[in-house]
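Please look at the sequence and the model first, and then work through each task before reading its solution.

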Amino acid sequence: MTIQAIYENGIFRPLERLDLPDRSRVEFDLRVLNDDQADRAAQQRIYELLGQSLASGETDVSQRHNEHQP
């Protein structure tokens with residue numbers, strides 16, 4: 001699994017929700033991204049999410065747009 005995180009105040013904060021129990025012990029290889037790499041990685045994640053929605057069989061995702069609005 002590959003995730004992105006922000007390091008601030010001594011803590012790595014994931015940029016997406018992880019399905020892990022609290023206090024799970026993990027191991028990772030650290031790779032610092034420059035802004036261009038971070039932008040490309042974010043764009044790739046968007047394409048992955050769009051691909052999942054297209055593979056879901058949902059023909060009109062705009063019908064459910066307001067479900068996740070505050």
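**Exercise 1.** Locate V32 and decide whether V32 is buried or exposed.

*Solution.* V32 is found in the loop that runs between β2 (11-14) and α1 (35-55), where helices (H or I, at least four residues) and strands (E, at least two) are DSSP runs numbered from the N terminus. This is a predicted model, in which local features need pLDDT of at least 70, side-chain atom pairs count only at pLDDT 80 or more, and totals for chains, interfaces and linings use all residues. Residues are numbered from 1 along each chain as its sequence is written, and side-chain values use heavy atoms, with hydrogens and water left out. The relative accessible area of V32 is 70%, so V32 is exposed (buried is under 20%, exposed over 50%, partly exposed in between, with a 1.4 Å probe and protein chains only). R17 also lies in the loop between β2 and α1, and with a relative accessible area of 81% R17 is exposed.

**Exercise 2.** Find the salt bridge that E8 forms, and state how accessible its partners are.

*Solution.* The structure holds one salt bridge, the term meaning a side-chain nitrogen of Lys or Arg within 4 Å of a carboxyl oxygen of Asp or Glu. E8 pairs with R13, and their closest N and O atoms are 3.0 Å apart. E8 has 38% relative accessibility and therefore counts as partly exposed, while R13, at 39%, counts as partly exposed.

**Exercise 3.** Work out which residues the ring pairs link into a cluster.

*Solution.* Rings of Phe, Tyr and Trp (its six-membered ring) pair if their centres lie within 6.5 Å, and planes under 30 degrees apart count as stacked, over 60 as edge-to-face and the rest as tilted. By this rule there are two aromatic pairs. Y7 and F12 form a tilted pair, 4.7 Å centre to centre with 50 degrees between the planes. F12 and F28 form an edge-to-face pair, 5.3 Å centre to centre with 80 degrees between the planes. This latter pair links distant parts of the chain, since F12 is in strand β2 and F28 in the loop between β2 and α1, 16 residues apart. At 52% relative accessibility Y7 counts as exposed, whereas F12 at 39% and F28 at 47% count as partly exposed.
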